[in-house]
Structure formats: structure tokens, C-alpha cells
Amino acid sequence: MRVSLVPDRLFETYEEITPEYLRQRGIRLLLSDLDYTLAPKYVPHPDDRVREWLRRMEEGGVQVMILSNNRSSHRVETFCRELGIPYVGHAQKPRTTGFHRAMEQAGVTAAETAMMGDKLLTDMLGANLAGVLALMVEPAGGPKGAWNRVLHALQAPFKAVCRRRHT
């Protein structure tokens with residue numbers, strides 16, 4: 001267990017994360033946040049880019065599962081049903097309970113799991129606490145609303161630490 005807000009790696013978008021990148025690290029399960037990670041919160045349905053990326057992941061032997069704190073299960077259920085992928089809702093990130101439920105459901109260990117998300121305090125802290133690879137993406141559609149803009153501005157120093165590690 002590592003108490004850290006710093007992601008292991010930072011990407012501009014989810015599309016930069018490839019099955020090859022994950023396989024090289026022994027990853028078989030990619031947990032993904034939904035809102036502002038795969039699509040802005042105001043986008044109700046997955047687009048063709050998400051579908052194509054998921055197809056490549058599946059062909060590459062990487063299972064993708066949504067791990068969401070979304071209080072309303074309707075959005076997550078609808079999005080995942082349309083994509084044909086499983087999810088763990090009410091995950092309570094950064095608590096590790098949702099991570100462990102997802103890994104158990106997929107039959108993998110923490111060493112075989114990565115978490116992709118756009119927020120340090122939920123996605124990256126939770127990933128680090130659960131002992132999984134922490135992959136951060138910039139928010140899809142940009143941060144909307146005053147609170148999200150402040151939250152993402154506060155993340156800048158931690159992102160800078162991550163970038164320095166990989167230059």
C-alpha cells in the first residue's frame with residue numbers, strides 16, 4: 001500500500017494507453033473511471049472513439065471495467081450496457097473496496113491491474129492504496145464548473161512530479 005497522489009504515468013487521453021503498453025507491464029485488467037476519463041459527464045452515450053479503443057483493448061487481451069463513484073447508477077449502467085463491459089458502481093474511491101471487488105470479479109491480482117482516471121484524490125490515491133498501476137489522463141472535454149477547475153488546478157504540482165519522473 002502506497003499513500004501517494006502522484007500517478008505512475010500521465011497521458012493526454014485514454015487513447016494513448018494501448019494494449020501493448022499495458023501488456024509490457026503485465027496488466028490484464030484496466031479499471032477506468034467514466035466521467036471526464038472516457039467521456040465528459042454531459043455526454044450520455046459512448047462515441048465511436050471509445051468503442052474502437054475498447055475493441056483494440058479486447059483484441060489485445062486487456063479487459064476494461066468501469067470503476068465509478070457515480071451516485072446515480074443509471075448513467076454508468078447505460079454507458080456500460082451500450083459498450084458491453086462490466087462495472088463496479090458506488091466504488092467509494094479512494095477506498096480500496098471497489099478495487100478489490102473488481103479484481104476479484106476479473107480474477108486478477110493487483111500486479112495485473114491498472115487504474116485510469118482524471119482525478120488525484122479519488123482515482124490515483126485509490127490506485128496507489130490498492131497497489132495497482134496508477135494512470136492519469138487529462139479530463140475529457142476539460143474541467144467543467146468552478147469546483148472542477150479548482151480541483152484540476154490543484155493537481156498541477158502532482159502531475160509535474162510525474163512528468164519529471166518520465167523525462
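Predicted model: local features only at pLDDT ≥ 70, side-chain atom pairs only at ≥ 80, totals over all residues.
Residues are numbered from 1 along each chain as its sequence is written, and side-chain values use heavy atoms, with hydrogens and water left out.

I begin with the sheet. Six strands form an open sheet with parallel pairing, in the order S1-S6-S5-S2-S3-S4. At its edges are strand S1 (9–11) and strand S4 (87–88), each of which pairs on one side only. Helices (H or I, at least four residues) and strands (E, at least two) are DSSP runs, numbered from the N terminus. Two strands pair if DSSP finds at least two bridges between them.

Let us look at the individual pairings. Strand S2 (residues 29–32) runs parallel to strand S3 (residues 63–67), and four bridges join them. Here Leu29 stands opposite Gln63 in S3. S2 also pairs with S5 in the parallel sense, over four bridges, and Ser32 stands opposite Met116 in S5. S5 in turn pairs with S6, again in the parallel sense and over four bridges; the bridge partner of Met115 in S6 is Ala134.

How much of S5 is buried? Five of its five residues are buried, so the strand is mostly covered; buried means under 20% relative accessible area, exposed over 50%, and partly exposed in between, with a 1.4 Å probe and protein chains only. Thr113, Met115 and Gly117 point one way from S5, and Ala114 and Met116 point the other way.

Helix H2 (residues 48–59) lies across S2, S3 and strand S5 (113–117), and runs at about 130° to S3. Helix H5 (residues 120–130) lies across S5 and strand S6 (133–137), at about 160° to S6. For these angles, axes are lines fitted to C-alpha atoms, for helices over the stretch in contact, and angles run from 0 to 180 degrees between N-to-C directions. Contact means heavy atoms within 4.5 Å.

In helix H3, the buried residues include Arg75, Val76, Thr78, Phe79, Cys80 and Leu83. What covers the buried residues of H3 includes H2, S3 and S4. After H3 comes Gly84, whose phi is positive, near 70°.

I turn to the interior. A nonpolar core is a set of buried Ala, Val, Leu, Ile, Met, Phe, Trp, Tyr and Cys residues joined through side-chain atoms within 4.5 Å. The largest such core has 27 residues, of which Ile17, Leu22, Leu30, Trp53, Met57, Met116 and Leu135 touch the most other members. Helix H1 (19–24), H2, S3, helix H3 (73–83), S5 and S6 each supply at least two residues of this core. A second, separate core of 22 residues includes Met65, Ala91, Ala130 and Met136.

Next, the largest pocket. Its volume is about 470 Å³. Which of its lining residues lie nearest its centre? Of the 17 residues in the lining, they are Asp35, Lys41, Asn69, Asn70 and Lys119. H5 and helix H6 (145–154) each supply at least two residues of this lining. On a 1 Å grid over the protein atoms alone, a pocket is an open set of points where a 1.4 Å probe fits, with protein on both sides within 12 Å along at least five of seven lines, and lining residues have an atom within 4 Å of a point. Grid points are joined across faces, edges and corners, and a volume is the space filled by probe spheres set on the points.

Lys159 lies in helix H7 (residues 156–165).

Gln155, in the loop between H6 and H7, is buried, with a relative accessible area of 3%.

Leu5 is found in the segment before S1 and is partly exposed, at 21% relative accessible area. Leu5 and Gly126 are 121 residues apart in sequence, yet 8.7 Å apart in space, C-alpha to C-alpha.
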